[in-house]
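Q: I have a model open and want to learn to read its features. Can we go through them one at a time?

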Amino acid sequence: FVAQGIFAVRWFIMGDGLNYGIGESGPQRAGKSWTFDPLPAGDPFYGCLLDDFEFVLRTCKESSLKLLPSLIDFSWCRQGAPVEGSPGIVKGGRYDIVRDPAKRQAFFDRLLEPLLLLSLEYPDSIYAWELINEPEWIVRSSLLWWKNGRDRTVSLSDMKEFIAEGIDRINSKKLSDEGGAFRSSVGF
């Protein structure tokens, strides 16, 4: 990337959630909807993710490349879609993380906070932190009345709360008294 003149790369960390909760720990169908709880504290997933993330940060530092980590994609909040041939693996179906304040806090505490703290160890490797990519694709809103369909799973107020809380966590990280450690972004 650097040899091609690229100074930063964007990495979708959790994307559509496919690898965050599988089988009984994954999204569960509840009638026409889905329900989902964040993985419990201490789940081995978190340690593996942090190891991978540190490898990427270290690699970026060694190659003078900046990273723009994007925590989740809007497809995280779409209706669940079991992977063909692997019904315990579900794309999407994780909108409870955005809509439920207690689940949101647990998710931020267990996943976002550790990633941000690790980022503080490699501040020169971070270009900015993106909370969610293109949230408008899954928000129900009277402003988007012509596009309100089955994948519009999150109210505008819930999305605003999710974004405010997540961005506040990103912006609260400090390296010194001079200001925040990272730029924050929503939707690139």
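Q: How many disulfides does this structure have?
A: Start with the general idea. A disulfide is a covalent bond between the sulfur atoms of two cysteines. This is a predicted model. Its count of disulfides comes to zero.

Q: Now helices. At what angle do α1 and α3 pack?
A: The general idea comes first. Two packed helices are described by the angle between their axes and the distance between the axes. For α1 and α3 the angle is about 30°, and the axes are 10 Å apart. That makes α1 roughly parallel to α3. The crossing of this pair is right-handed.

Q: Which residues of α1 and α3 meet?
A: From α1 come Phe-45, Tyr-46, Leu-49, Leu-50, Phe-53, Glu-54 and Leu-57. From α3 come Arg-110, Leu-111, Pro-114, Leu-115, Leu-118 and Ser-119. By type, this contact has 10 nonpolar residues, one polar and two charged.

Q: Where is Asp-43 placed?
A: Asp-43 is in the loop between β3 (33–35) and α1 (44–63). At 21% relative accessibility, Asp-43 counts as partly exposed. Asp-43 and Arg-110 are 67 residues apart along the chain, and their C-alpha atoms are separated by 9.5 Å. Arg-110 is also one of the α3 residues that meet α1.

Q: What is the angle between α3 and α4?
A: Read this pair by angle and axis distance again. Helix α3 covers residues 101–120, and helix α4 covers residues 156–172. They pack at about 30°, with axes 11 Å apart. The two are therefore roughly parallel to each other. Their crossing is right-handed.

Q: Which residues make the contact of α3 with α4?
A: On the α3 side are Arg-104, Gln-105, Phe-108, Asp-109, Leu-112, Glu-113 and Leu-116. They meet Asp-158, Glu-161, Phe-162, Glu-165, Gly-166, Arg-169 and Ile-170 in α4.

Q: How do the residues of that contact divide by type?
A: Five are nonpolar, two are polar and seven are charged.

Key:
Residues numbered from 1 in each chain as written. Predicted model: local features only at pLDDT ≥ 70, side-chain atom pairs only at ≥ 80, totals over all residues. Heavy atoms only, no water. Disulfide = S-S within 2.5 Å. Axes fitted to C-alpha atoms, helices over the stretch in contact; angles between N-to-C directions. Helix = DSSP H or I, 4+ residues; strand = E, 2+ residues; numbered from the N terminus. Parallel < 35°, antiparallel > 145°, perpendicular 65-115°, else oblique. Left-handed = near helix turned anticlockwise from the far one by under 90°. Contact = heavy atoms within 4.5 Å. Nonpolar A, V, L, I, M, F, W, Y, C, P; charged D, E, K, R; others polar. Buried < 20%, exposed > 50% of the residue type's maximum accessible area, 1.4 Å probe, protein only.
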